[in-house]
Amino acid sequence: MADQTDRRQDLLLRINARRAGVEAFLRERRPRINRRVTATLVLSSLSAVFTAGPALGGVSFAEAVSRTFGLSDSSVVWRVLCLLSLLVSVGAAVLTTIEKSQGAGAQLSAVEAADAELEGLATLLEFGTLSVEDGVKLYQQYVTKIPFVDDAPVAARPG
């Protein structure tokens, strides 16, 4: 019975080490992904803003802006707004492509799901409602979903 308890504790230590690695991964990656998503949304919105005036106001919009800024030719307004729209659209497209190529959003979702599964597994083991053998099988299933996340260093079990 003591051997079974020791194995259960060893498995719990391993689960906790993996969960600590998961938490470190999420702390590092979540802010970066959120900044990239926010930047993409802002750039896409700016593109819409830069094209809204000419699209809705037409020639009268361009003439009003050129008078406001003392420009001799209203076509400058169109060119500047189109150039700004082009630049922010390209920026949004680049960020979107980077996101898709790295699969960061999918990775983040997989890590969050695995963390929840590992937490549930630890709870089942702590309360003894799951055998160690079944716990090991589930642990292996869960960690194979996130091979890119390293375990945190495992603390030695007391005793």
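Before listing anything, I noted that buried means under 20% relative accessible area, and that I was reading a predicted model.

Entry on α2. With that cut-off, I found the buried residues of α2 to be Val77, Leu81, Ser85, Val88, Ala92, Leu95 and Glu99. The helix covers residues 75-102, 28 residues in total, and I recorded 41 Å from its first C-alpha to its last, which is close to the 40 Å expected at 1.5 Å a residue. Just after α2 I came to Gly103, whose phi is positive, at about 60°.

Entry on the cores. I looked up the largest nonpolar core, which holds 12 residues, among them Leu11, Leu12, Ile15, Leu130 and Tyr139. Two or more of its residues come from each of α1 (2-68), α3 (104-126) and α4 (132-143). Apart from this core I noted another, of 10 residues, including Leu26, Ala104, Val111 and Val149. Returning to Leu12, and leaving out residues up to four places away in sequence, I saw that Leu12 touches Ala122, Leu125 and Glu126.

Entry on α3 and α4. I noted that α3 and α4 pack at an angle of about 170°, with their axes 10 Å apart. Angles over 145 degrees count as roughly antiparallel, and α3 and α4 are therefore roughly antiparallel to each other. On the α3 side I listed Ala114, Glu117, Leu118, Leu121 and Leu125, and on the α4 side Val132, Gly135, Leu138, Tyr139, Tyr142 and Val143. Sorted by class, this contact has 9 nonpolar residues, 1 polar and 1 charged.

How values were computed: Residues are numbered from 1 along each chain as its sequence is written. This is a predicted model: local features need pLDDT of at least 70, side-chain atom pairs count only at pLDDT 80 or more; totals for chains, interfaces and linings use all residues. Side-chain values use heavy atoms; hydrogens and water are left out. Helices (H or I, at least four residues) and strands (E, at least two) are DSSP runs, numbered from the N terminus. The expected span of a helix is 1.5 Å times one less than its number of residues. Buried means under 20% relative accessible area, exposed over 50%, partly exposed in between (1.4 Å probe, protein chains only). A nonpolar core is a set of buried Ala, Val, Leu, Ile, Met, Phe, Trp, Tyr and Cys residues joined through side-chain atoms within 4.5 Å. Contact means heavy atoms within 4.5 Å. Axes are lines fitted to C-alpha atoms, for helices over the stretch in contact, and angles run from 0 to 180 degrees between N-to-C directions. Angles under 35 degrees count as roughly parallel, over 145 as roughly antiparallel, 65 to 115 as roughly perpendicular and the rest as oblique. Ala, Val, Leu, Ile, Met, Phe, Trp, Tyr, Cys and Pro count as nonpolar, Asp, Glu, Lys and Arg as charged, and the others, Gly among them, as polar.
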